Amino acid sequence: MKIFTAEQIRNWDRFTISNEPVSSIQLMERASEALAGWISENCKNYRKFAVFCGNGNNGGDGFAVARILYLKGFDVDVFIKDSRSKFSEDGAVNFKKLRDFSGISVKEFKDMDQNNFDSKTIIIDALFGTGLSRNIEGEYKEIIDQLNERSNIKISVDIPSGLFTDRISQEDAIVFKADYTLSFQSWKKAFLHPETGPYAGKVIILDIDLSKEYTSQTETDDFVIDDAVIDNIFKPRSEFSHKGTYGKVTIAAGSYGKIGAAVLSTRSALKTGTGLTFTLAPNCGYEILQTSCPEAMFTKGGENYIDHFDIEKDTVAGIGPGLGTDAETQKAFLKFLKEYSKPVVLDADALNIIAQDEASLKLIPENSIITPHPKEFERLFGESDDSYQRLDLAKNKAKELRIYIVLKDHHTQVITPEGRVYYNITGNSGLAKGGSGDILTGIITSLAAQQYSEEQAAILGIWLHGKAADFAAEKHSRESMLPTDVINELGNVFKLLER
C-alpha cells in the first residue's frame, strides 16, 4: 500500500471527482457511510454519540456521520464552534441536511460543560482533517484540551485533530488523543512514528473507492507492508524440490553466557525454511546448540568467544546475536569483513563492533542487511532529534553505503539504497523483550538464502516476525509471550500464507 502526502491525498480526491461519475458531496457521503457503518457495527453497546465538527470538510464528514448514526437509532449530539460558523461548501450542505432532523441537538462548544457525558457516550472528533498546516489555537485548542481530559472512548475521523499528516508537531501543540482513528483508503505517515502514532490509537483503514488509476500512476517512496505486498513476494514451496533448493545459512553468534541468542537465531532460521543451517559459535555452546537445535550443524569458532569467522562463500551469513565484543572477536570480525564481499545480515554486537570506528562502516559489503534498534542506529550513525529525522538519516546512509537498513521500532521500517521505505504494521509490544531481535536475524538470513532478494527478505522477514508475534500474543498475551513462542508460531503464519 502506498503512503501519500497531504497534498497527494487532496489530489487523489480531486482526481476521483474529475475522472469518475461522483461529485464531491457524493464522495463525502460515501466516506460518511463507511464511517457510520464501522461505528454502528463495532459500537453496538454504546447508544450515544457526541460529534465535534469543524468548519471544513472533516466537519462535513462529522455532520453526515451524525445524521446516519441517528437514522440507525443512536442518540446524537453535534457540537460546533458557534452559531455564526461558516462551513465549507460540502460541509454546509451536510449541516443543512442535519438541521432537518429535530432529534439531533446542535450545540456550541461552550455548552459542553453543561453536558455530563456518561460512560456510554462516544466522542467523535471531526474538527480538522489532513489539510491542517498550523498548530491549533483559540477555542479549538481549548475544546480539544477538555476532550482529552475525558475518559470516554474517542474516535477521530481520518486523522486526529492537530496531527500533521507528514511531520511532527511542535512540543506545545495540542492534539486530540483518539482511541480509534477511522482513516480513508490508506495509511498516513503520522500513524507510523512513535512521536505521532500514539495519538491515533488503533488505526482502521476504510475503503471508500478512491481512484485506483491515481494510485497506480502517482509516485511515492513510502509504503505500508500489507497483504498485497506480501502476496507479491511470498513463493510457495515447490513439491519438486530438495534441501539444496532452499540455500545454506550460517549463523555466527553466541559467546560465554549468551549462547541463548545463538539458539534463538538458529531455531528461527530453521523454522523459516532454510535448506541447510550451520551455527558458528564458541565451543562452550556446543552441547547447548546440539541439544536444542539438532537440525543445525555446529562449527567451532573459538572456546568462549568466536575468534575466527570461517564462513563459506556459498552460504548466507547472519552475524551478531550474543556475539560479545571481546578483543579477539572484534579483530576476527573486522578481518572477515575486509576479506568477504557477499551480502551479509548484521545485527547486535556485529553492529556495536562496527560502531566503534566510523571507518568500519565502509567494510560492510554492498547489499547487506543491517538490523539496528534505535540505540544501535545512533551508535552507528549519530543522534537524531526524532524518528522522522532518524529515518531521513537512514535513507542517506542506505544510499551512501548501498545497504538495506531494517530500522527496528514499533512500526519497523525497511530502507532501501534507492530511498524506498516500507513500514511494517504487524507485531505488538510483546516483542519488547530480549531475544526478539535474534529471531529476526535468523528469519531474514534464512529468507535471503532461499533466493529472495535482499529487499524481499527484509520486507517478508519483518512481516513474518510481526505476524508470528501477533499469533503468540493472542495465545499467551503480550506480557507472557516469549521469543520462543514467536518461533513456534512461524508455522501457523506459513499456513496462512499458503491458504
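1. Helices (H or I, at least four residues) and strands (E, at least two) are DSSP runs, numbered from the N terminus. Two strands pair if DSSP finds at least two bridges between them. Strand β5 (residues 154-157) pairs with β6 in the parallel sense, over three bridges. This is a predicted model, in which local features need pLDDT of at least 70, side-chain atom pairs count only at pLDDT 80 or more, and totals for chains, interfaces and linings use all residues. Residues are numbered from 1 along each chain as its sequence is written, and side-chain values use heavy atoms, with hydrogens and water left out.

2. Stay with β6 and look to its other partner. Five bridges join β6 to strand β7 (residues 202-206), and the two run parallel. Here Y180 stands opposite K202. Strand β6 (residues 180-184) is mostly covered, with four of its five residues buried. Buried means under 20% relative accessible area, exposed means over 50%, and partly exposed lies in between (1.4 Å probe, protein chains only).

3. Next, the ten-stranded sheet. It is open, its pairing is mixed, and its order is β8-β17-β16-β15-β14-β13-β12-β9-β10-β11. Which strands are at the edges? They are β8 (222-225) and β11 (297-300), and each pairs on one side only. Within the sheet, β16 (residues 413-415) and β17 (residues 421-424) run antiparallel and are joined by three bridges. I415 stands opposite V421 of β17.

4. Now the nonpolar cores. A nonpolar core is a set of buried Ala, Val, Leu, Ile, Met, Phe, Trp, Tyr and Cys residues joined through side-chain atoms within 4.5 Å. The largest one has 53 residues. Those touching the most other members are I225, V406, I459, L460, W463, L464 and V486. Several elements each supply at least two residues, including β8, α7 (227-233), β9 (248-252) and α16 (483-498). Helix α15 gives the most, with 11 residues. In soluble globular proteins, nonpolar side chains tend to be buried together.

5. Contact means heavy atoms within 4.5 Å. Leaving aside neighbours within four places in sequence, I459 is in contact with I225, V229, I230, I233, V414 and Y422. A second, separate core has 47 residues, and I353, Y388, L391 and Y423 are among them.

6. Check D438, which lies in helix α14. Is D438 buried or exposed? D438 is buried, yet it has no salt bridge. A salt bridge is a side-chain nitrogen of Lys or Arg within 4 Å of a carboxyl oxygen of Asp or Glu. The nearest side chain of opposite charge is K408, 6.9 Å away. Lys and Arg count as positive and Asp and Glu as negative; His and the chain ends are not counted. Leaving aside neighbours within four places in sequence, D438 is in contact with A261, L264, S265, S268, P321 and D347.

7. Two backbone angles deserve a look. Most residues other than glycine have a negative phi. A348 is not a glycine, but its phi is positive, about 50°. A348 lies in helix α11 (residues 348-355), and it counts as buried because its relative accessibility is 13%. Q451 is not a glycine either, and its positive phi is about 70°. Q451 sits in the loop between α14 and α15. Q451 is exposed, because its relative accessible area is 61%.

8. On to the cysteines. A disulfide is a pair of cysteine sulfur atoms within 2.5 Å. How many disulfides does a search of the whole structure find? The search finds zero. For C53, the nearest cysteine sulfur is that of C43, 16 Å away. C53 counts as buried, because its relative accessibility is 0%. For C284, the nearest cysteine sulfur is that of C293, 15 Å away. C284 counts as partly exposed, because its relative accessibility is 29%.

9. Last, L69 in helix α3 (residues 57-71). L69 counts as buried, because its relative accessibility is 0%. Not counting residues up to four places away in sequence, L69 touches A36, I39, S40, F49, F74, V76 and I124. How far apart are L69 and C284 in space, C-alpha to C-alpha? They are 66 Å apart, and 215 residues apart in sequence.
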